[in-house]
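Here is a friendly briefing to read alongside your viewer. Please have the sequence and the 3D view open as you go.

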Amino acid sequence: MSTRSLRGRTAVVGLGETTYYKRGQSPDAEMKLALQAIVRACEDAGISPREIDGFASFSNDRNDPSQLAAALGCKELKFSNMQWGGGGGGGSAAIGNAAAAVATGIADCVVVFRALAQGQFGRFGQGATSSTISGNFAHTVPYGLMSPAQMFAMKVNRFMHDHGVKQEAFRAIALACYHHAQSNPRAVMYGRPLDEATYDASRWITEPFHLYDCCLENDGAAAMILVSAERARDFPHPPCYVLASVGGSHYRAGAPVHNVPDYATSTFKTVAPRLWQMAGLKPDDVDVLQSYENFTGGVLMSIVEHGFVTPEECNDFFQFDNLVAPDGDLPLNTSGGNLAECYMHGLGLNIEAVRQIRGTSTAQVPRAEVSMVISGPMVTPVSSSIFGAEATL
Amino acid sequence: MSKPYLNPGLPTPVATELDQPYWDGLRAGKLMLQRCRACQRFQWGPEWICHRCLSFDYDYVEVPASGRIYSHQRVWHPVHPALKTQGPYVIVLVELPQADNVRLVGNLLGDPQQPLVIGAEVEGVFEQHADAEPPFALLQWRLA
Ligand SMILES: [Zn+2]
């Protein structure tokens with residue numbers, strides 16, 4: 001293994017989450033949520049928040065590490081990091097950035113965090129409300145193309161057309177997420193199961209996305225603490241090692257006005273091979289997967305592009321029984337994910353991946369040792385990561 | 001003048017230095033797209049530099065407003081107040097074989113519940129918004 005790798009050099013030793021609220025319903029301000037999640041992650045790790053010396057986040061989180069460090073009384077700040085790009089594409093990359101800082105001695109105890117209070121601030125799923133518009137958006141918004149669902153629907157429609165993927169494949173993803181949420185009391189959709197008939201009868205948002213193909217919008221915060229592998233056994237929970245974390249996008253993925261040459265993609269074609277190479281693993285080795293649902297179509301495409309299944313096998317592979325814990329071939333989004341647990345821009349998915357390694361998920365996969373996360377399909381840059389138990393080192 | 005495809009009230013496009021000739025062209029009923037003077041290739045949306053040869057020297061050249069549907073979506077849920085009473089509408093991504101297959105976003109005119117076919121040939125319709133402030137035009141599409 002090349003020394004230019006993150007494999008096994010850092011571990012997650014602390015997890016923290018606030019209560020997850022429906023959008024706009026948090027009683028607490030966004031920065032208070034961030035602080036609560038970080039304090040809980042420190043309690044979980046058995047350390048004082050004063051020991052944190054690095055912060056990493058993504059998607060333009062509004063909570064400045066200098067202010068957080070001051071509020072928490074951190075002794076010293078060594079790493080203050082933001083992964084560029086929106087839409088949750090940085091959810092795994094932020095962990096990779098934190099791991100890189102720890103592995104290279106830039107910092108010793110880094111917290112990855114994300115906080116959202118859309119009542120206090122603006123909402124994602126709404127259109128432009130200004131009276132004029134300029135630049136790239138002037139070439140889409142006047143045609144009624146402005147929401148995240150509308151930005152991605154045409155990628156998914158083209159992919160379905162090219163490969164004969166059916167709507168039922170998306171339905172299976174939604175049903176698996178809701179199924180897992182029913183055993184997770186933290187989930188916003190706990191106690192609200194979904195069945196095929198309800199999915200089929202649900203309204204279109206934009207074709208091919210029904211209501212249940214689209215992520216929630218929530219308030220809350222999540223945090224996880226990384227330290228070096230050398231120290232990882234000194235904490236209360238079994239260490240969860242970072243085996244790989246990569247991010248990026250393919251040629252001209254950011255080309256304006258829907259002109260990226262390879263359009264019908266989740267943006268993982270060039271990213272996924274680097275993930276497998278760094279981890280020294282292949283899709284068959286993965287015990288459980290959390291795959292970011294902005295929209296179910298992106299989940300399907302990202303699973304294809306990570307090599308779990310070919311496009312032509314999708315209609316057979318994406319069946320409910322195949323996607324649920326404990327016995328499915330690829331248990332997917334075992335906390336309920338962004339569709340049914342909470343939309344914390346994907347950091348919640350990473351926390352669930354660590355829980356699977358610890359053996360504490362509410363939809364636990366027996367003997368899960370390789371636990372993977374895919375973050376933010378169809379945006380640019382995207383990212384993905386693999387966690388492993390001690391036995392995988 | 002026929003009625004615009006979408007309800008009034010969406011944001012009015014305002015040209016920038018980079019795309020002024022495009023918007024001026026639509027007002028005059030012409031499709032003008034950015035082409036590199038050095039390598040003579042089209043790119044869209046407009047950029048300050050040619051991504052192929054890195055020349056900063058670009059021009060705007062008239063292109064026939066005809067193409068084919070590269071992808072599409074039928075939107076049902078309105079996210080802008082102006083569209084609350086719109087009902088479903090169709091967005092198409094049209095590629096232009098006569099301009100290096102650059103793609104434009106527009107609406108597909110006609111029945112919003114018509115079948116949508118990737119690869120279908122379409123031709124442009126210049127939709128004038130002469131009473132807007134400032135006045136502008138959009139490029140819409142209908143099946144050829
Ligand atoms: Zn050029």
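Across all chains, the count comes to 24 salt bridges, a salt bridge being a side-chain nitrogen of Lys or Arg within 4 Å of a carboxyl oxygen of Asp or Glu. This is a predicted model, in which local features need pLDDT of at least 70 and side-chain atom pairs count only at pLDDT 80 or more, while totals for chains, interfaces and linings use all residues. Side-chain values use heavy atoms, with hydrogens and water left out, residues are numbered from 1 along each chain as its sequence is written, and chains are lettered from A and ligands numbered from 1 in the order in which they are written.

**Salt bridges in chain A**

- A:E51 pairs with A:K75 in a salt bridge whose closest N and O atoms are 2.9 Å apart.
- A:E51 sits in the loop between α1 (30-45) and β3 (54-58) of chain A and A:K75 in the loop between α2 (65-72) and β4 (79-83) of chain A, so this pair ties together parts 24 residues apart in sequence. Helices (H or I, at least four residues) and strands (E, at least two) are DSSP runs, numbered from the N terminus.
- A:E51 is partly exposed at 37% relative accessibility, whereas A:K75 is exposed at 61%. Here buried means under 20% relative accessible area, exposed over 50%, and partly exposed in between (1.4 Å probe, protein chains only).

**Salt bridges in chain B**

- B:R37 forms a salt bridge with B:D57, with 3.1 Å between the closest N and O atoms.
- Both B:R37 and B:D57 lie in the loop between β2 (32-36) and β3 (58-62) of chain B, 20 residues apart.
- B:R37 is partly exposed at 44% relative accessibility, and B:D57 is partly exposed at 41%.
- B:R142 and B:E123 meet through their side chains in a salt bridge of 3.2 Å, N to O.
- That pair links strand β8 (residues 136-143) of chain B, which holds B:R142, with strand β7 (residues 121-129) of chain B, which holds B:E123, the two residues being 19 apart.
- B:R142 is partly exposed at 41% relative accessibility, as is B:E123 at 31%.

**The zinc site**

- The zinc ion has the SG atoms of B:C36, B:C39, B:C50 and B:C53 as protein donors, 2.3 to 2.4 Å away. Donors are N, O and S atoms within 2.8 Å of the metal (3.2 Å for Na, K and Ca), and water is not among the atoms, so sites may look incomplete.
- The site is tetrahedral, with angles of 101 to 119° among the four donor atoms; four donors count as tetrahedral if all angles lie between 85 and 135 degrees.
- Along the chain, the zinc donors follow the spacing C-x2-C-x10-C-x2-C.
- B:C36 is buried at 6% relative accessible area, whereas B:C39 is partly exposed at 27%.

**Cysteines without a bond**

- Over all chains the structure holds zero disulfides, a disulfide being a pair of cysteine sulfur atoms within 2.5 Å.
- For A:C214, the closest cysteine sulfur is that of A:C215, and at 7.1 Å it is too far for a bond.
- A:C214 is buried, with a relative accessible area of 15%.

How values were computed:
Tetrahedral: all angles 85-135°; square planar, octahedral: opposite > 155°, others 65-115°.
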